Amino acid sequence: MKRLLIVHFSRTGGSRQLAEAARDGALDAGDVELEFLTAGAAGPDDLLAADGYLFACPENLAAIAGGMKEFFDRSYYPVLGKIEGRPYAAIICAGSDGENAKRQLERICTGWRLKRIAETLIVNVQAQTPEEILADKTIPEDRLAEAHNLGATLAAGLEMGVF
C-alpha cells in the first residue's frame, strides 16, 4: 500500500482547514496509508517512509511561514538524494498574493527532485490589516473543494502508480 504524507502548518486555521480538506479527499479517493502531521511533528523519517507528499502552509511576510520553513530546514539535507522522483502537491494560504511562498516551496521541492503533480494551489483570504491577518480564518467551501480534489488526485495517482 502506498503512503501519503501530509505536512501542514497553520497559525490562524486557514492552512489547517485546507490540509484537512486535502486529507479527506485523499481518504475518499484512494486506498493509501495516510500520515497527517504538523510541521513541528514531521521530520526526515516521515519523508523517507512516504511515497508522496502534500505540503500546506500560510504565506507570512511574502515567504512560507516560519514553522514550515523550520520543517524544511530540519529535513532537507537528511533526505537529499533519497526521495527523488516522488510526487508532491502544495497549498499556500495567502493574505493577498502567495506567489513568493509558492516559489520558495517549489524551489525546495525542486532541490529534492520531487515531481509536482499539479499546480500549487494558492488560496487568497484577502487579509490586509493586522486584525484580519491575525484573525482565525474560515476558508470558503469552493476553495476547500479544490483542496479536497487535490488530495484526491494525489492519492488516486499514488494508488494507481501513475506518478
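**Loops, pocket, helix and salt bridges**

Gln-126 sits in the loop that runs between strand S7 (121-124) and H5. The model is a predicted one. Phi of Gln-126 is near 55°, which is a positive value in a residue other than glycine. Most residues other than glycine have a negative phi. Gln-126 has a relative accessible area of 52%, and because the limit for exposed is over 50%, Gln-126 counts as exposed.

Leu-61 is exposed, at 88% relative accessibility.

S3 gives the largest share, three residues. By residue type, the lining of the largest pocket divides into nine nonpolar, nine polar and three charged residues.

Is Gly-151 buried or exposed? Its relative accessible area is 1%, so Gly-151 is buried. Apart from neighbours within four places in sequence, Gly-151 is in contact with Ala-22, Gly-25, Ala-26 and Leu-54. Gly-151 and Ala-49 are 102 residues apart along the chain, and their C-alpha atoms are separated by 18 Å.

The charged side chains come next. The structure holds 10 salt bridges. One of them is formed by Glu-35 with Arg-3, where the closest N and O atoms are 2.8 Å apart. Glu-35 belongs to strand S2 (residues 33-38) and Arg-3 to strand S1 (residues 3-8), so this pair ties together parts that are 32 residues apart in sequence. Glu-35 is partly exposed, at 23% relative accessibility.

Helix H3 (residues 66-79) contains both Asp-73 and Lys-69, which are four residues apart, about one turn of the helix. Their side chains meet in a salt bridge with an N to O distance of 2.6 Å. Asp-73 is partly exposed at 47% relative accessibility, and Lys-69 is partly exposed with a relative accessible area of 29%.

Glu-70 and Arg-74 also lie in helix H3, four residues apart, about one turn of the helix. The N to O distance in the salt bridge between their side chains is 2.8 Å. Glu-70 counts as partly exposed at 37% relative accessibility, as does Arg-74, with a relative accessible area of 30%.

Which residues are linked in a network of salt bridges? The network links Lys-102, Glu-106, Arg-116 and Glu-119.

Methods. Residues are numbered from 1 along each chain as its sequence is written. This is a predicted model: local features need pLDDT of at least 70, side-chain atom pairs count only at pLDDT 80 or more; totals for chains, interfaces and linings use all residues. Side-chain values use heavy atoms; hydrogens and water are left out. Helices (H or I, at least four residues) and strands (E, at least two) are DSSP runs, numbered from the N terminus. Ala, Val, Leu, Ile, Met, Phe, Trp, Tyr, Cys and Pro count as nonpolar, Asp, Glu, Lys and Arg as charged, and the others, Gly among them, as polar. Buried means under 20% relative accessible area, exposed over 50%, partly exposed in between (1.4 Å probe, protein chains only). Contact means heavy atoms within 4.5 Å. A salt bridge is a side-chain nitrogen of Lys or Arg within 4 Å of a carboxyl oxygen of Asp or Glu.
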